[in-house]
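Please look through the following model from its overall fold down to its packing. The account below takes these topics in turn.

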Amino acid sequence: MRWKNNAAKLAFVLSGAAILSFGLYNVHSQSAITEGGVLGMTLLLQHWLGISPSISGFIMDASCYLLGFRYLGKGFLKTSLVASCGFSLFYRIYEQFPPVLPSLAQHPLAAALLGGLFVGIGVGLVVRVGGASGGDDALAMVISKTTKLAISKAYLFTDLVVLGLSLTYIPLQQIACSLVTVTISSYLIGFVCRFGHKEEEYLDAETAQLAPSAQTE
């Protein structure tokens, strides 16, 4: 039954990567709606310290993945690598075509709501099976595992810290829209992770990488 477990896990990861990249390309990129976490911190460092996101983003993502490796194990890195490659592949495919959704740039609240939906479901599917699609996910998973804080609250905590700091250079209205996005996405990530089983079980399973449903087959 192990091959079935691996196939199911792969399906979750690739589906999540496809949904996440679809939302970022069709909603976020058209509407200038952003998230908190690592992305927001790279923009903050660029504004105040002049550090390129290409440098700060790599350092922060790498640091978060190292934390994930320490607390979540080798399987975490394997799953995260598949998720990252899947995200890049799907985004590249979407880029070959015009956006299939109308631009919501003139309707930032609607963009924030829809963007949060795509991010929450996409990331939730990846995190549910013990992987991460970026440094934000790895950090939230480590916080959740080490503090026993609900995964949705761990995401929201890191996002709120970054958004709070971003008020030093981003208008309040734009931050408010981003707050809507991170609140929705954080809740949905937690919902997808705990759907069908207790939330903490998916991180405390035998290898801390597989959902309990896959372990028990």
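Helices (H or I, at least four residues) and strands (E, at least two) are taken here as DSSP runs, numbered from the N terminus. On that basis the protein has 10 helices and 0 strands, and its pattern along the sequence reads α-α-α-α-α-α-α-α-α-α. This is a predicted model, in which local features need pLDDT of at least 70 and side-chain atom pairs count only at pLDDT 80 or more, while totals for chains, interfaces and linings use all residues. Residues are numbered from 1 along each chain as its sequence is written, and side-chain values use heavy atoms, with hydrogens and water left out.

The pLDDT, the predictor's confidence in each residue from 0 to 100, has a mean of 84 over the protein, with 88% of the residues reaching 70 or more. Over residues 202-217, however, the pLDDT is below 50, although this stretch has 41 contacts (heavy atoms within 4.5 Å) in the model beyond near neighbours in sequence.

Buried residues (under 20% relative accessible area, with exposed over 50% and partly exposed in between, for a 1.4 Å probe and protein chains only) make up 45% of the 217 residues. A nonpolar core is a set of buried Ala, Val, Leu, Ile, Met, Phe, Trp, Tyr and Cys residues joined through side-chain atoms within 4.5 Å. The largest such core has 18 residues, and those with the most contacts inside it include Phe76, Val123 and Tyr155. Helix 6 (135-147) is among the helices that each supply at least two residues of this core, and the largest share, 4 residues, comes from helix 6. A second, separate core of 7 residues includes Val27, Ile33, Ala112 and Phe118.
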